[in-house]
Amino acid sequence: TSNFKLQTSNFKLQTVEFHPCFTIPSRSFYHWDEIPKPLLDNLIFHIGMIELISYWKIACPKKVIIRPFALDEEKIRWWKNLYFNGLGEFFYVNGIQTNINDFMTIEHAIDACHSKRSEESHLNEQTLIPVGGGKDSVVTLELLKNRVPAIPLIINPRGATKECVAAAGYTEEQTAIIKRTLDPTMLKMNAEGYLNGHTPFSAMLAFYTILLGFATKSRYIALSNESSANEPTVPDTEINHQYSKSVAFENDFRHYVAKYIDADIQYFSFLRPLNELQIAKLFSRAKEYRKVFKSCNAGSKTDSWCGKCPKCLFTWLALSPFISRNELTDIFGKDLLSDNNLRSILDQLDGSVEVKPFECVGTVGEVRACINRILQTDDNLRDTILDGVEKTQDLTVEDYVSQFDDGNNLPELFKKILKEALNA
């Protein structure tokens with residue numbers, strides 16, 4: 001359990017304590033006793049550092065004092081960069097105008113000592129695969145499960161994550177699980193009017209995966225973030241809802257871990273060379289997941305597709321070149337193309353309006369390619385959200401599915417597996 005104190009200005013100075021916590025159910029594949037104590041202390045300290053972001057944003061205090069470890073100047077720059085870019089959407093939505101130099105200072109206690117980097121971790125050729133229940137992590141799990149020794153990882157299990165792992169052939173006892181709990185005081189303060197908004201969840205996941213990587217002796221941590229995540233949400237800015245899924249964050253995180261935690265463990269996105277349409281094509285081959293996967297954030301509590309949000313519509317569009325309209329209607333519970341309430345969301349996805357939805361969705365070009373394909377192949381579009389939409393001169397679906405982005409960190413074995421799947 002990490003304890004945080006936050007000073008806020010709400011007519012009078014007050015001190016609020018937060019006690020977020022997480023639990024990890026026991027499994028036979030854990031080796032907690034073999035993690036050197038200095039390394040374990042360092043790993044848990046960094047869990048506290050990343051959890052702090054959710055609580056800092058409540059009032060955005062100008063000064064942050066860190067204990068028990070000291071931070072050198074490079075660490076401070078790294079964490080300020082993560083706060084600033086990871087909270088880019090939060091600043092934008094809340095109308096906070098600031099810059100990376102002035103928005104806060106990070107200090108440590110005078111008597112703090114530096115955490116120790118590990119030199120002997122003794123990791124195995126095993127892969128940890130975080131599973132979120134959407135199509136992306138399904139593709140990673142399906143392609144790797146029979147090619148490398150692998151352990152699925154779920155944070156706060158729900159129906160889709162558990163069912164996707166089961167569809168891949170893993171039992172609950174073969175799955176690493178983290179149960180993470182936010183302090184209810186934060187939720188109470190949000191209800192009272194304190195600041196709220198998007199935080200870099202994937203950065204939080206990254207530090208948890210490093211902890212579980214050492215606990216399971218897994219050298220490789222294979223994420224499922226695609227090249228499309230690099231596109232900014234707000235044009236002509238660096239504001240990106242998916243910043244902590246971007247290759248920029250991935251590169252920064254790998255450098256930080258190698259320098260300050262351990263150089264042996266390898267964090268990378270297995271799907272980084274691919275775009276959303278390539279992932280959708282690979283997903284469409286694994287029919288056993290079609291009825292159990294869910295990518296909808298709005299419907300996550302009920303384990304359903306809400307059928308009303310940008311994530312639902314984008315997922316439908318991305319899959320439409322590879323799965324029939326009737327089958328998509330069966331998956332989503334309704335024909336999304338026939339819901340004219342979604343037209344405004346379509347305008348956001350295809351670039352008709354300036355700002356994309358603040359969701360994990362693909363690029364404007366990918367959306368247009370899918371729309372063009374539907375316009376070309378579906379004769380039943382009257383009174384749908386595509387009624388009256390004109391075909392654009394963009395890259396085609398075929399153009400997208402033939403790409404391979406070399407800006408990635410895949411070890412050669414994983415690159416080989418991915419290329420074989422694309423060529424199958």
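Asp347 and Arg343 both belong to helix H12 (residues 343-349), where they are 4 residues apart, about one turn of the helix; helices (H or I, at least four residues) and strands (E, at least two) are DSSP runs, numbered from the N terminus. The side chains of these residues, Asp347 and Arg343, meet in a salt bridge with an N to O distance of 3.5 Å, the term denoting a side-chain nitrogen of Lys or Arg within 4 Å of a carboxyl oxygen of Asp or Glu. Arg343 is partly exposed, its relative accessible area being 31%, where buried means under 20% relative accessible area, exposed over 50%, and partly exposed in between (1.4 Å probe, protein chains only).

The model is a predicted one, in which local features need pLDDT of at least 70 and side-chain atom pairs count only at pLDDT 80 or more, whereas totals for chains, interfaces and linings use all residues. Residues are numbered from 1 along each chain as its sequence is written, and side-chain values use heavy atoms, with hydrogens and water left out.

Across the whole structure, the search finds 26 salt bridges. One of them joins the side chains of Asp303 and Arg158 at 3.6 Å, N to O. This pair links distant parts of the chain, 145 residues apart, with Asp303 in the loop between helix H9 (276-285) and helix H10 (310-319) and Arg158 in the loop between strand E9 (150-155) and helix H5 (159-167).

A further salt bridge is formed by the side chains of Asp339 and Lys334 (2.7 Å, N to O). Asp339 is buried, with a relative accessible area of 14%, while Lys334, at 27% relative accessibility, is partly exposed. Salt bridges also connect Glu125, Arg219 and Asp264 in a network.
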